[in-house]
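Dear colleague,

Please find below the structure I am handing over to you. My findings follow directly after it.

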Amino acid sequence: YMEVSPVGTVDNRDQIIKSYDYPPERRPPAPSSFALSEWQFKFPTPEIATLTYKQVYTLTRNGQSTELHLRISATWIRTESGWKMLLQQLTPIRSRT
């Protein structure tokens, strides 16, 4: 598994798991709302799927609410044990204002 983050880093599975290991005082806030939309699926072969979608979530930090918009693309492969995500890229959607 690899992930290309919104800031452009390329992280493997172990790095992603370790990134959630914050001390309690440094943990980022959990989203107060979360929505997925604009799903697009493609199956180049029966064993490969690509999907693209929009993710919008709201975080509240120090009383201030921030809405984050991402376009996400992911590649999945079918294995003997089921579908597994191989690669994911998260790209911030800039405000047009």
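Leaving aside its neighbours within four places in sequence, which residues is Gln88 in contact with? In this predicted model, the contacts of Gln88 beyond those neighbours are Tyr1, Met2, Glu3, Val4, Tyr53, Ile72, Ser73 and Ala74. With Glu3 there is also a polar contact, in which the two side chains are joined at 3.0 Å. Gln88 itself belongs to strand 6, which covers residues 82-92. Its relative accessible area is 10%, and Gln88 is therefore classed as buried, the cut-off being under 20%.

Turning to the protein as a whole, the secondary structure consists of one helix and six strands. Their order along the sequence is β-β-α-β-β-β-β. The C-alpha trace spans about 45 × 35 × 20 Å along its principal axes.

The protein has 97 residues, of which 20% are buried. Its accessible surface amounts to about 7,600 Å², and carbon and sulfur atoms account for 54% of that area. Considering contacts between residues at least 6 apart in sequence, 33% link residues that are at least 24 apart.

As regards charge, there are 12 positive and 9 negative side chains. The centres of these two sets lie 6 Å apart.

With kind regards

Technical notes
Residues are numbered from 1 along each chain as its sequence is written. This is a predicted model: local features need pLDDT of at least 70, side-chain atom pairs count only at pLDDT 80 or more; totals for chains, interfaces and linings use all residues. Side-chain values use heavy atoms; hydrogens and water are left out. Helices (H or I, at least four residues) and strands (E, at least two) are DSSP runs, numbered from the N terminus. Buried means under 20% relative accessible area, exposed over 50%, partly exposed in between (1.4 Å probe, protein chains only). Contact means heavy atoms within 4.5 Å. Accessible areas come from the Shrake-Rupley method with a 1.4 Å probe; for residues, only the protein chains shown count as cover. Lys and Arg count as positive and Asp and Glu as negative; His and the chain ends are not counted. The place of a charge is taken as NZ of Lys, CZ of Arg, CG of Asp or CD of Glu. A polar contact is a pair of N or O atoms within 3.5 Å; within protein, one must be able to donate a hydrogen and the other to accept it, and residues adjacent in sequence count only if both atoms are side-chain atoms.
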